[in-house]
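Please read it alongside the sequence and the coordinates.

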Amino acid sequence: MSLLADARTLLQLARGHRAYGSHAERLQAFYGPQAAHYDAFRERLLHGREDLIHRLALPPGSRVIELGGGTARNLEYFGERLSSFARVEVVDLCPALLEQARRRCARWPGVAAVVEGDATTYRPAQPVDCVYFSYALTMIPDWRAAVDNALRMLRPGGLLGAVDFYAAPRAAREDFKRPDKLVRGFWPRWFRHDGVHLDPRHLPYLLERTEPMCCEQRRGPVPYLPGLRTPYFLYIGRKPAV
Ligand SMILES: C[S@@+](CC[C@H](N)C(=O)[O-])C[C@H]1O[C@@H](n2cnc3c(N)ncnc32)[C@H](O)[C@@H]1O
């Protein structure tokens, strides 16, 4: 971590997400200037990623896809398990982040592959054992299509994982944490400026489409905002057999 790198990232976050151009062009404009420092800053903002990866029970020989995988940072959390997998694909639309991902994935030749593609339409050559989203659902405009596409890629019984910022539904639900004003109002507005759309429908949709194995709502600190903790969820579900 360096203060200068953080300052560059913070400047880009303050500028926000462009309001014009295609989705891919907007991602490139947003991430291009901060791609080299992306990992160092997100280490302190995107909580629960390591935990998600550790909880994915995947035997050797597994086929795994991360949709919206950015710099492929999350592959490191698999540790020694990674080399035992048959294939791991990191799919993303942003060339600047994919360049970082390609450099990183050169460490696992024959296993890790980097693909420039859209999470809503990408199809692997054969069904896979696990697809996960790490802070990507909030950045994918048609996130339902991305979840549906992930389910199409999965073999029956395969795992769908997600970790992301959490927006509480208006009405309190038995299975979700009680919404407070900060969770309902402040955080969705705060993140929207950077093209990150917290949506109270994410978690219910995942619960509806898969058999839940793990569903947790948590909070984590935000760099340079002492005392504030942003809500996030961690979810793992199984694709139903039929
Ligand atoms: C906050 S970043 C998270 C990156 C990575 N998963 C991580 O945990 O560090 C969100 C990512 O989603 C990608 N993304 C957004 N929309 C996408 C889409 N339609 N298809 C593929 N990737 C997309 C962005 O380019 C970006 O890399």
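Two residues are taken to be in contact if their C-beta atoms, placed from the backbone, lie within 7 Å. This is a predicted model, in which local features need pLDDT of at least 70, side-chain atom pairs count only at pLDDT 80 or more, and totals for chains, interfaces and linings use all residues. Residues are numbered from 1 along each chain as its sequence is written.

1. Contacts of L67. Apart from neighbours within four places in sequence, L67 is in contact with V91, A119, V131, F133, A136, A146 and A150.

2. The nonpolar core. A residue is called buried if 20 or more other C-beta atoms lie within 10 Å of its own, exposed if 12 or fewer, and partly exposed in between, with C-beta atoms placed from the backbone. A nonpolar core is a set of buried Ala, Val, Leu, Ile, Met, Phe, Trp, Tyr and Cys residues joined through C-beta atoms within 7 Å. The largest such core has 61 residues, and L67 and V131 have the most contacts inside it. Strand β5 (residues 154-165) gives the most to this core, with 6 residues. In soluble globular proteins, nonpolar side chains tend to be buried together.

3. Strand pairing. Helices (H or I, at least four residues) and strands (E, at least two) are DSSP runs, numbered from the N terminus. Two strands pair if DSSP finds at least two bridges between them. β1 and β2 pair in the parallel sense over 5 bridges, with E66 opposite V90 in β2. Likewise, β2 and strand β3 (residues 112-116) form a parallel pair over 5 bridges, where V91 stands opposite V115 in β3. β4 and β5 are parallel over 6 bridges, and Y132 faces G161 in β5.

4. In β2, 5 of its 6 residues are buried. In β5, 9 of the 12 residues are buried, so this strand is largely enclosed by the rest of the structure.

5. Helix α2. Which residues of helix α2 (residues 23-31) are buried? They include L27, F30 and Y31. An α-helix has 3.6 residues a turn, so residues three or four places apart point the same way. The buried residues of α2 pack against α1 (3-15), α3 (38-42) and α5 (95-105).

6. L10 and Q34. L10 lies in helix α1 and counts as partly exposed, with 15 C-beta neighbours inside 10 Å. L10 and Q34 are 24 residues apart along the chain, and their C-alpha atoms are separated by 9.1 Å.

7. Positive phi values. Most residues other than glycine have a negative phi. A72, however, has a phi near 70 degrees; A72 is found in the loop between β1 (63-67) and β2 (87-92). A72 is buried, with 26 other C-beta atoms within 10 Å. Y135 also has a positive phi, of about 55 degrees, and lies in the loop between β4 (128-134) and α6 (143-153). Y135 is buried, with 21 other C-beta atoms within 10 Å.

8. The ligand. A residue is near a molecule if its C-beta atom, placed from the backbone, lies within 6 Å of it. The ligand is surrounded by 22 residues, the closest being G68, G70, C94, A119 and S134. By class, the shell has 11 nonpolar, 6 polar and 5 charged residues; Ala, Val, Leu, Ile, Met, Phe, Trp, Tyr, Cys and Pro count as nonpolar, Asp, Glu, Lys and Arg as charged, and the others, Gly among them, as polar.
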